[in-house]
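Visitor: I'm new to reading protein structures. Could you take me through one, feature by feature?

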Amino acid sequence: MSAHIPILAIAVPLLGGFAVPLLAKLHKGLRDAWALLVVLFVGACVGYVAVHVFTQGLWVYVLGARHPQETLAPGGFPIRIMLVVDGMSAFMGVIAGLLALVAFPFALRFLPEEEGKSLALTLGLLLLAGILGMAYTGDLFNFFVFLEVTSIAACALIGFRTWTSRAPEAAFKTMLLYSLSGLLFLLAVAFLYGEYGALNLAYLARELRGTFVDRLALGLFLAALLMKAAAAPVHFWAPDAYGEVPAAKALLLVVNTQVSLYGLWRVLFTLYGGLWDAGVGWLVVALGLLTMVVAAFMALVQTDLGRLVAYGAVSQIGYMMLGVGVGLVSLAGRPEYGLVALKGGVFHMLNDALTVGLLFLCVGAVEWTKGTRDLRELGGLGHGLPEVALCFLLAGLALAGLPPLNGFASKILIYQGSFRLSPILTAVAVLASILLLAVFARAFQGAFLGPKAEVPNRVPGVFLLSMAVLAVGLLVLGLVPGFFLEGVVTPAAEALWRGRALYLAAVLGG
Amino acid sequence: MTVVVRTIARLLFPVALAFGGYVIMHGHLTPGGGFQGGAVAASALAMVLVAFGPSRLKDKKGLLSALESLGGTAFVVLGFLGLGVTFFANVLAGSHGLFGRPVPYGPNPGDLNTAGTLPLMNWAVGFKVLAGLGAVVLLFALFGGEDDR
Amino acid sequence: MSRWVMLLAFAVAAGFLIFGAVAVRPFGDPPRAEMDGYFNRFSQPEVAANNAVTAIVFDYRGYDTLGEATVLFTAVTGVALILRRWRA
Amino acid sequence: MKETLTLTTGQGFWSALIWAAAALATLLLAGLLWWRGRREYKRGTEQELPFLSGERAENPGVGALHLYWGLTEALRPVLERLRSWHSGVINDYAGWFVVILGIVLLLVLV
Amino acid sequence: MRRVAQIAATFALAFLVYLVLTLPSGSLGLWSLDELLAGAVISLLVALVSHRLLWERGGWRLLNPWRWLVFLVYLFGPFLLAMAKANLDVAYRVITGRINPGIVKFNPGLKTDAGRTMLANSITLTPGTLTLEVDEETGDFYVHWINVRHVDPKPEEVCGPLPHWAKVVAE
Amino acid sequence: MNALIYAFLAVGAVFNGLGAVALLRFPDVYTRIHGATKCTTFGSIFSILAVVVYGAMRGGGDGIGMVIRALLALVFLLLTNPTGSHALARAAHRAGIKPFRAVVDRLEERK
Amino acid sequence: MIGNLPFVACMVLIALGFWTLLFKRNLVKLVIGVGLIESGVNLFLVALGYVRGGVPPIYTYAPAGAPMVLPTPQALTLTSIVIGLATTALMLAFAVVIYRHKGTLDARKIRELRG
Amino acid sequence: MIVELSFGIAAAVLLAYALVCAVRLGVGPTAADRAVALDTINTLVVAIMVLVGAAFDLMIIMDVALVYALLSFVGTLYIARYLEEGLR
Amino acid sequence: MTLWASLLTMSLVMTVVAGFLAVVLRDLLAAALALGAQGLFLSLAFYLLQAPDVAIAQAGIGAALTTAIFLLAIRKTRRKEEE
């Protein structure tokens, strides 16, 4: 049975999602228990997969074949869909499982108990399944299908609060841009299919010749995935979406963005790794810098706490893009600093997930108690909610990259790596960090400091538990970064840096 | 809608459903399959909706959503059926059991009792698409109600 | 953002797309079709289905179909969520 | 053990524990200095009260929105430009997408 | 009992459609056993779903085979003739552009839904007329007539013998 | 038999063309519905009958299937086409579109 | 004979959709634009799978010896069509709710979330 | 052979008629005119599909014509329903 | 072969023309009708490209369901595009 773990990690949340509406008709408590059980199971599965992949190498699973490892049809080409889990995929799976484990207990308490709660839980499970499907798949069209699953589930969650006028608006904008990006992805897949008659990622990676159509497909892939990952001039949907989604589900939305970024790395490093192009790397670096600066500036003038945090989250995307982009620029010679920056970028994905997740949970707790997120009306919550204030402070400092929190650990790798490429990059990144520090000082001051304010209702214990898990994670990752860097991040970064040959060999043999 | 439209809709409803059933059932022999047949049947539902008004189907919403969940669950369970080999393996094809008759290579008139799990999956997807698309149209028609115009 | 910038970008993108359509491959003449050749030849003996498209949809690429059914389910759930009764 | 606790960056290393120890030492030093000072300095005199433009402020405190008034004022041109990008009109967003598509295609294909 | 009869009749309709669609399929006479079984199951499902809707307004007399025969005679006799005439009429009016339209009202005296439906559709397909509205209570037909000769016509003037046929077939 | 097929096809083409021309030439919605519905239904019947004759001539499971499908399409067209036209005409009248140069409008008087 | 005309037609459809997205202000019109892009991509996929003189990849009563068109793009397009319908339905639901709140469908007036 | 060719020619002629009807779809002064044009095109396309199926000599693809004949009716009904609810 | 090509060309041209109408018509009801016509010709193009499976799906979804959903949505909102 353990041979089927990767597909179980995807199929079980799907089954869970399908079953939730049925169970909700029976009993509400049963539904909640079922959702928690499914998420626990998924967490166990992704953990197992990660351990297996980090210790024993790639895990290939062919769906529907006579044997799970029978990748090739007679004739030497792959015909079936397969899951290919390498270090990077397993890493993304771990992030998704971790955040889902934190988000679901929070969500069970946070969502108002009405008609929509069952549906929102269903959508959460399906979003989780879609994220894992995107992370584990080794087939381009399958990637598109799960991209659409995540798009639709995420947008339906964004529109959850239909009684406000802002949520449907954000959801419509996000949905339009998401579907646009999905369609362009499909167009790129169609171009590649037309050229090579195959859909398997590894096979296409081996066959790519760099013709006009190949490069056109690369451009379409890039545009589509940059949009989905909220890179700079096409990030406009992100603050709307992050700001309007119910706080508990914002965590899954963050992972959704990151997994799109993962798809971008997969396309650039594995699919087009054979046709190395520094221009694309520089584009990623430039857009990363633009993203972090623009988002930090915009965060400076926000008056809505959720939207402010959302801009902070967008600016973190820029750091990941900078780190991995530096790795991409230097991929040809493979110098040491490239790997360092790459490790920093990949490590920052984990840190960003935890940090931004904690921030969104704090925003949710504030909204739960006060019913508003407007900084002009908030203030003085630190007296009534000291735990929330502490968590917000920790997360804000981590996001701004202050030692000894986890944000600094990954950012210093990015700084050091990019400094060797060009000091200007580091200067801009540090500037953005300083801006972010200012932003979060302002947010903390506005929400938690000041004259003592009334706190109408207490924060439930589940909220504090979820937040405590993430806060401890922040501290641990910051204090003993080397452990995680060696154990988790380095295999993932190596999978991008040198793992292309292994990936192709695992699928195509020889 | 007038009596003319209603009578024709009454007559066409079972015909369209039977046709949808045919399209689903013969998915592995002729063009069609779960999606197409489900779409045909859902269109029949939409026809009833427009001819008789949405209030006619108001109490069917829960049924449709339950049917959709059941269809989805059935599809995943059919995928789990192959778990002895791999997920989604077609274990019934060529097994001489249900839908298990082997097929010779080349053009032939077609035999219903073939293709393993495919007809079962077709039915699961067909019910799912029927319920899902019918629910979408119904929800759109019911939104806002009669009183807010 | 000015209308002219949009127009220029639109012209560039559309031009490249149309150029790509001309360059992709001659219509009706697929140069490489190993996978599809395999499906056309072996789907009947392997899956025992006469319709190769259904064989692909439900067997060779059944996982895609699972995802697609999920998309539909998600969309219906989403529509039910959006168009549900109003709280206030 | 060194690999567990430290990050090697290619040019040096970073260890949070060493940093924490250093920070702790600095804090101790600062605390020591503060503890050795006179407690009652400024306490109970007029210097304790905030003093704004000649007036005694009753309820002092700068609101969150006005915290960086000077900075935002200085950056006004930049911020105005950025805000005009985030116009909220969906056509503009789609337009940005097409612009990025055009740029990427030009970069990749030419 | 009545319910069972409804289900049976609906089942027969659905099964007929299924059988016609799978006509040349096999070993057991014209149909193979598999097809018959599958068709029976599908038709049963369809009947369970749709019998109430189909027989909501009665119409049992349509199950008489004699009426079907009359209907076929009507279809290939007067109806086809009228349709051909209708097309020539339209051709004439398209070429000359000579029209004198109006909406008239008449009452053919049909009672059942099926009869009214049949007459309405026949009117729509035959010369110079187009059903606009059928009054549910009184059975009045409002017809757009492309060449009005009387403002208050008799049914025969508008649509010839069609009401008579409809009465024979459906009532 | 081939001559029959050609004749049917020609009749179908002519009447369908008539319908298209009627759609363009007539002055208002109701007369357009007149022309379009009658002519295209009639023309399509003949086009489909040509296929029926062809399939019957061809024989075999293939040919019988062709006949069946063509006839079923014919039945569906006969059932749905006039009904759809009726619904459209009624809707147009309810939407307030006046008949062109009507000598009498009893339906308007009813309201 | 007709060269790559079908592919070009697909791209023209996609460009039409982009035009709609850029220069049309009505939300329902934007959804129509997305639908146009969608159909363009679908048509592109199916046209890629055509083989000259081919017959459908179905063996029931297939003529012997004729080449069959490629089946994979058809399977992909089936999936894509249903996904497109799902997207359209969801976006229209959002548009309806937005109209309920704001009383307009003009994209220039629906900009509560900005800055 | 010549028979199949004649079917194809008839289909092409009908498609040309559909083009003519599309003119009415484009210019039609009221929405009802457009709806009539769409209805006419529907009928024509059903005939075209049957004819092309015969021209290809493929029985199985005629199912499409059946589906279309059945379902265009639903679309027409929706249009009529919307029209009659008024031009608001 | 030439006949087939001309049929395909005509249906493609019709698809593009109907799509163009769907874009330019200001009356949303008319635009939805044009979109229905576009789906219809798209289905015909699929049919001519020997993809009956896709043609059935496009016919069922494009003809009935998309039109229905669009019309219901337009009915719940407003019909004319604002200037």
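Guide: Some ground rules before we start. This is a predicted model, where local features need pLDDT of at least 70, side-chain atom pairs count only at pLDDT 80 or more, and totals for chains, interfaces and linings use all residues. Residues are numbered from 1 along each chain as its sequence is written, chains are lettered from A and ligands numbered from 1 in the order in which they are written, and side-chain values use heavy atoms, with hydrogens and water left out.

Visitor: Okay. Which domains does chain A have?

Guide: Domain bounds come from an automatic or database domain assignment. For chain A, that assignment gives domain 1 (1-274 + 504-510) and domain 2 (277-479). Taken over C-alpha atoms, the centres of domain 1 and domain 2 of chain A are 23 Å apart.

Visitor: How many residues of domain 1 of chain A are in contact with domain 2 of chain A?

Guide: Contact means heavy atoms within 4.5 Å. Here 40 residues of domain 1 of chain A are in contact with 43 residues of domain 2 of chain A. Between domain 1 and domain 2 of chain A about 3,600 Å² is buried, and carbon and sulfur atoms give 80% of it.

Visitor: What about salt bridges across the interface of domain 1 and domain 2 of chain A: how many does the rule find?

Guide: A salt bridge is a side-chain nitrogen of Lys or Arg within 4 Å of a carboxyl oxygen of Asp or Glu. The rule finds 4 of them across the interface of domain 1 and domain 2 of chain A. A:D240 also forms a salt bridge with A:R307, with 2.9 Å between the closest N and O atoms.

Visitor: And polar contacts?

Guide: A polar contact is a pair of N or O atoms within 3.5 Å; within protein, one must be able to donate a hydrogen and the other to accept it, and residues adjacent in sequence count only if both atoms are side-chain atoms. Across the interface of domain 1 and domain 2 of chain A there are 8 residue pairs in polar contact (both at pLDDT 80 or more). On the domain 1 side, the elements that give two or more residues are α3 (87-110), α8 (212-228), α9 (237-244) and α10 (247-271) of chain A. Helices (H or I, at least four residues) and strands (E, at least two) are DSSP runs, numbered from the N terminus.

Visitor: Which classes do the residues on that side of domain 1 of chain A fall into?

Guide: Ala, Val, Leu, Ile, Met, Phe, Trp, Tyr, Cys and Pro count as nonpolar, Asp, Glu, Lys and Arg as charged, and the others, Gly among them, as polar. The side of domain 1 of chain A that touches domain 2 of chain A has 30 nonpolar, 4 polar and 6 charged residues.

Visitor: Let's go between chains. How much area do chain A and chain C bury between them?

Guide: About 4,100 Å², with 68% of it on carbon and sulfur atoms. In chain A, the residues that lose the most area to chain C are A:I79, A:T162 and A:F212, together 14% of what that side buries. By contacts, 54 residues of chain A meet 38 residues of chain C. The rule finds 3 salt bridges across the interface of chain A and chain C, and the side chains of A:R80 and C:D59 meet in a salt bridge at 3.2 Å, N to O. On the side of chain A that touches chain C, α5(A) gives the largest share, 9 residues.

Visitor: How many residues of chain F are in contact with chain B?

Guide: 8 residues of chain F, against 9 residues of chain B. Together chain F and chain B bury about 740 Å², 78% of it on carbon and sulfur atoms. F:L79, F:T83 and F:R90 supply 48% of the area that chain F buries against chain B, more than any other three residues. Across the interface of chain F and chain B the rule finds 0 salt bridges, and 2 residue pairs are in polar contact.

Visitor: Last one: is I:Q50 buried or exposed?

Guide: Buried means under 20% relative accessible area, exposed over 50%, partly exposed in between (1.4 Å probe, protein chains only). I:Q50 counts as buried because its relative accessibility is 3%. I:Q50 has a positive phi near 65°. A:R334 is not a glycine and has a positive phi of about 50°, but A:R334 counts as partly exposed, at 36% relative accessibility.

Conventions
Buried area = accessible area lost by both parts, 1.4 Å probe.
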